Amino acid sequence: MEEVDLAAIPHPTSKLQRFANRLEAIAGIEARGIERVPESERERKYAAKDYLYMAMIWFSANCTANNLTVGILGPIAYGLGFVDAMICCLFGTILGSCLTAYISTFGPVSGNRTLVIARYTMGWWPSKLCVLLNLVIELGYGVVDTIVAGLILSAVNGSGMSVIVGIVVAALISWAVSTFGIKFFNMFERYTWIPQVCILFIFVGVASPHFDVKTPSAATGVTLIGNRLSYVFLSASGPLGWSAAAADFYVYFPPKAPRWLVFAMTASGLILGKLFVEFLGIGLGSGLALNPSWAAAQKVSTGALIVEALTPLGAFGSFCAVLLALGVVANNIPGTYSASLSFQLIGGWATKIPRMVWSTVAVIIYTVCAIAGRAYLLLIFLNFLALIGYWTIIWITLTIEEEVIFRRKSGYDWTAWNEKRLLPVGLAALGAFLIGWVGAVLGMDQTYFVGPIAILIGDYGADIGLPLAAAWSALVYPPLRYLELKHFGR
């Protein structure tokens, strides 16, 4: 994409905002936060390569070592064989990526950030619930990403370097790029995938001969079906986690950007980036039973497993592991950027604090949490990832119904993004959202709780919280929204 002169905060009302505008003028640090980017600032010609960069951003952000964890969980958490796990991961990733890509298409057409767009479905006050949940997502990913980087760097050094040091290094790089804003973020993500892909191909060449591609899934019958379902929806939750940030990176694209092209580029970048790494993770997980050294390393940490798999390469393998660890920040930077925007949406007082300050706050929070939880990566990831999917799929379902059923003729007034009286009241969306959560709870299968519907599937239950949440919210939203429109007129 041609470099855009990033706009300053329009009509700054605080000293901090005026200071942020000066920084933008001097150093190019993006000052704009949740303020809408008007059409006049986005009317420019874009070439085909500019849309290709969309796919590159998502590919780069997801072709990272932290996604190995999703793949590893297929064989070790659900007992799935190599082929079973790959098929389930494939369909789950495609599902989650397509739903997230749909949300991303609102960025160019509206000029609004993702959770500002949520106001047009959820209303002013209920949309803040989405804001808080997105903060949990982005800060949670910050925890996971920095832990993965720290574990790998520590394992490379033979545990001579503390995991904490690796966490801090990853956090500082994430802070620097996300704080400078969209121009630097785009530049970083545009090229950082190149060394990652090279290292991952080397990884495949070294580790793949040790994968167990023959042993079938451990369970049979209904239990196997339940395990497959759980892993499909777990795999979907990963890309769904990006949905609440998906439009944030497109607000400077022209309003007439083809929605189908934005959808295609986003979905393809997500799918290809995630599957490349997740399939490799499935291979690593399948090989634990055949390779005692891998199993011993996995008991230490996922980072130790990665380093052990690269051991045949000697010092060069350690170098590759270091690059994989540093590459994790490519996944963390977009989340940190999005978290800073979500902080601004908490309230009017938060909007007056510049995005760059909130970016710093986000980094501090997830760094401290990562240091405290560094010994529990897989447990955090398994439980956290599923929770992401529950609320995002409800919100996406409501957004689709709002556009297709209620906005098909009237469309959206994107200039009303900050006018509470012109936005939906949000009672219908809130009611459907809560009912969707009831479905999620009844269908969830987590270490801390198994829902009464989930437990009916097989010997161990199955996590079907995602489809239940989507179905229940989809059923109740149209009549509730109709009543809301009839009573309030908006």
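1. The model is predicted. Helix H15, residues 302-309, is mostly covered, with 7 of its 8 residues buried. The buried ones are Thr-302, Gly-303, Ala-304, Leu-305, Ile-306, Val-307 and Ala-309. Where H15 starts, the backbone nitrogen of Gly-303 has a side-chain oxygen of Ser-301 within 3.4 Å.

2. Which residues have the most contacts inside the largest nonpolar core? They are Phe-203, Tyr-231, Leu-284 and Trp-395, in a core of 132 residues. Helix H13 (residues 259-286) gives the most to this core, namely 12 residues. Another core, of 17 residues, lies apart from it; Ile-147, Phe-343, Ala-350 and Trp-358 are among its members.

3. Gly-347 sits in the loop between helix H17 (329-344) and helix H18 (348-351). Its relative accessibility is 15%, so Gly-347 counts as buried, the cut-off being under 20%. From Gly-347 to Ala-85 the C-alpha to C-alpha distance is 43 Å, and the two are 262 residues apart in sequence.

4. The count of salt bridges comes to 10. One of them joins the side chains of Arg-113 and Glu-30, at 3.2 Å from N to O. Arg-113 is in the loop between helix H5 (106-110) and helix H6 (114-117), and Glu-30 is in the loop between helix H1 (15-27) and helix H2 (48-62), so this pair ties together parts that are 83 residues apart in sequence. Both Arg-113 and Glu-30 are buried.

5. Glu-41 and Arg-32 meet at 3.1 Å, N to O; Glu-41 is partly exposed at 28% relative accessibility, whereas Arg-32 is buried at 1%. In the salt bridge of Glu-39 with Arg-36, the closest N and O atoms are 2.5 Å apart. Glu-39 is partly exposed at 31%, and Arg-36 is buried at 10%.

6. Salt bridges also link Glu-402, Arg-407, Arg-481 and Glu-484 in a network.

7. Phe-449 belongs to the loop between helix H21 (427-443) and helix H22 (465-488). Phe-449 counts as partly exposed because its relative accessibility is 34%.

Conventions: Residues numbered from 1 in each chain as written. Predicted model: local features only at pLDDT ≥ 70, side-chain atom pairs only at ≥ 80, totals over all residues. Heavy atoms only, no water. Buried < 20%, exposed > 50% of the residue type's maximum accessible area, 1.4 Å probe, protein only. Helix = DSSP H or I, 4+ residues; strand = E, 2+ residues; numbered from the N terminus. Polar contact = N/O pair within 3.5 Å; in protein donor to acceptor, adjacent residues only side chain to side chain. Core = buried A, V, L, I, M, F, W, Y, C linked by side-chain atoms within 4.5 Å. Salt bridge = Lys/Arg side-chain N within 4 Å of Asp/Glu carboxyl O.
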